[in-house]
Amino acid sequence: MATAGKVIKCKAAVAWEPNKPLVMEEIEVAPPKANEVRIKIVATGVCHTDLYHLFESMHKDGFPAVLGHEGAGIVESVGPGVTEFKTGDKVIPLFISQCRECRFCKSPKTNQCEKGWAADRYDVMSVEDSRFTCKGKKVLQFMGTSTFSEYTVVNQMAVAKIDPAAPLDKVCLLGCGISTGYGAAVNTAKVEPGSTCAVFGLGAVGLAAVMGCKAAGAKKIIAVDINPEKAEKAKVFGATDFVNPKDHSKPISQVLSEMTDGGVDFSLECVGNVGVMRNALESCVKGWGVSVLVGWTDLYDVAARPIQLIAGRTWKGSLFGGFKSKDGVPQMVKGYLDKKVKLDEFITHNMTLAQVNDAIELMKQGKCIRTVLSVSPQ
């Protein structure tokens with residue numbers, strides 16, 4: 001492309017400070033350095049983790065930043081040493097890298113990686129170095145991706161090449177939420193055929209977890225949410241039952257225990273609330289129940305009674321659904337193209353990047369499952 005090797009001026013939504021609306025700005029995006037890929041972002045989802053950084057953690061060293069980490073786009077140019085990608089490739093930037101060389105990447109037991117932003121700066125959710133500037137100031141790259149921008153520069157170990165037939169305005173959701181929930185059920189919980197499951201929280205991640213439980217062959221999938229409007233949506237993805245904790249005077253764990261002869265085999269917490277995490281654990285059957293923490297938070301301690309674990313329950317966490325990112329995302333894209341993974345059904349709103357604050361407001365008010373923003377024309 002004619003822009004290769006040059007600074008690109010483009011539009012981006014900049015979070016100048018915490019707890020304030022994003023501002024549409026013209027930013028400069030420098031060319032990729034060694035082992036980097038510059039990507040034209042075509043579409044991006046708005047995920048609760050973006051809101052978490054902006055309104056909940058509000059880490060003073062995490063701003064100014066370009067948020068967004070659930071995107072898809074086309075390679076504009078590559079830096080020296082990049083052989084895996086070329087101009088024109090359809091790609092999904094990844095908030096978890098896969099360098100394929102560190103001890104974590106070489107282990108089949110985890111999808112974490114020692115390289116990338118998460119290695120030692122997970123609190124500010126970015127690395128110090130960035131290819132973004134705006135008004136003469138350095139702007140941080142959120143979670144190594146920053147998809148609320150027409151262009152971004154990503155290390156090649158955090159980019160997945162996908163099928164050229166994939167519609168970018170749909171598969172962008174596989175960059176975080178859908179893969180996270182689906183994989184938490186299939187990879188982390190390892191839901192078994194004929195089992196009973198409970199999914200707490202029916203945002204995009206929770207609904208994807210419901211979909212994963214169904215794909216794994218669960219016979220009873222109880223969807224739990226305080227919003228009664230989520231009941232019908234949950235059935236679309238495979239839920240067999242819906243429970244609203246507000247409809248009951250007794251603890252939700254007791255309600256589920258009575259529904260399932262002592263508790264569910266698997267529970268997944270998809271809210272990011274430490275109280276709900278405990279409820280999910282307590283909803284599991286003793287002896288073999290498995291409860292998985294999926295919702296992202298790092299603000300409070302989580303608590304449980306030792307006997308709940310001594311009795312044989314397993315409590316574990318799941319990051320990005322346990323998928324090794326460069327391997328797993330193309331597999332999920334194939335699953336969508338083969339009609340084995342739903343994506344269209346998650347999208348309740350389509351907007352433009354300029355409407356990002358409206359999209360954030362919809363999510364804050366619980367009025368959307370996923371909003372997809374159109375960022376650049378293909």
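A word before you go on: the model on your screen is a predicted one.

**Stop 1: the partner of Phe-320.** A search through the whole structure turns up two aromatic pairs. In this one, the ring centres of Phe-95 and Phe-320 are 5.2 Å apart and the planes meet at 75°, so the pair is edge-to-face. Now colour the chain around each ring. Phe-95 sits in the loop between β6 (90-93) and α2 (103-106), and Phe-320 in the loop between β16 and α10 (325-337), so the pair ties together parts that are 225 residues apart in sequence.

**Stop 2: the other aromatic pair.** Next, select Phe-237 and Phe-346. Their rings form a tilted pair, 4.4 Å from centre to centre with 35° between the planes. You will find Phe-237 in the loop between α6 (230-236) and β13 (241-243), and Phe-346 in the loop between α10 and β17 (347-352), so this pair links parts 109 residues apart in sequence.

**Stop 3: a charge over a ring.** Select Phe-55 and Lys-364. Here Lys-364 lies over the face of Phe-55, 4.3 Å from the ring centre.

**Stop 4: the second largest pocket.** Show the surface and select Lys-109, Thr-110, Asn-111, Thr-188 and Gly-322. Of the 14 residues that line the second largest pocket, these lie nearest its centre. Two elements give two or more residues to the lining: α4 (177-189) and β16 (314-317). The pocket has a volume of about 240 Å³. Which classes of residue make up its lining? There are eight polar, four charged and two nonpolar residues.

**Stop 5: the barrel.** Switch to a cartoon view to finish. Five strands close into a barrel, in the order β1-β2-β7-β8-β4, with mixed pairing. In general, strands of a sheet pair through backbone hydrogen bonds, either parallel or antiparallel. For an antiparallel example, select β1 (residues 8-15) and β2 (residues 23-29), which are joined by seven bridges. Then zoom in on Ile-8 and look across: Val-29 in β2 stands opposite.

How values were computed: Residues numbered from 1 in each chain as written. Predicted model: local features only at pLDDT ≥ 70, side-chain atom pairs only at ≥ 80, totals over all residues. Heavy atoms only, no water. 1 Å grid on protein atoms, 1.4 Å probe; cavity = no way out; pocket = protein on both sides within 12 Å on 5 of 7 lines; lining within 4 Å. Points joined across faces, edges and corners; volume = space filled by probe spheres on them. Helix = DSSP H or I, 4+ residues; strand = E, 2+ residues; numbered from the N terminus. Nonpolar A, V, L, I, M, F, W, Y, C, P; charged D, E, K, R; others polar. Pairing = 2+ DSSP bridges. Phe/Tyr/Trp six-rings, centres within 6.5 Å; stacked < 30°, edge-to-face > 60°. Lys NZ or Arg CZ within 6 Å of the ring centre and 35° of its normal.
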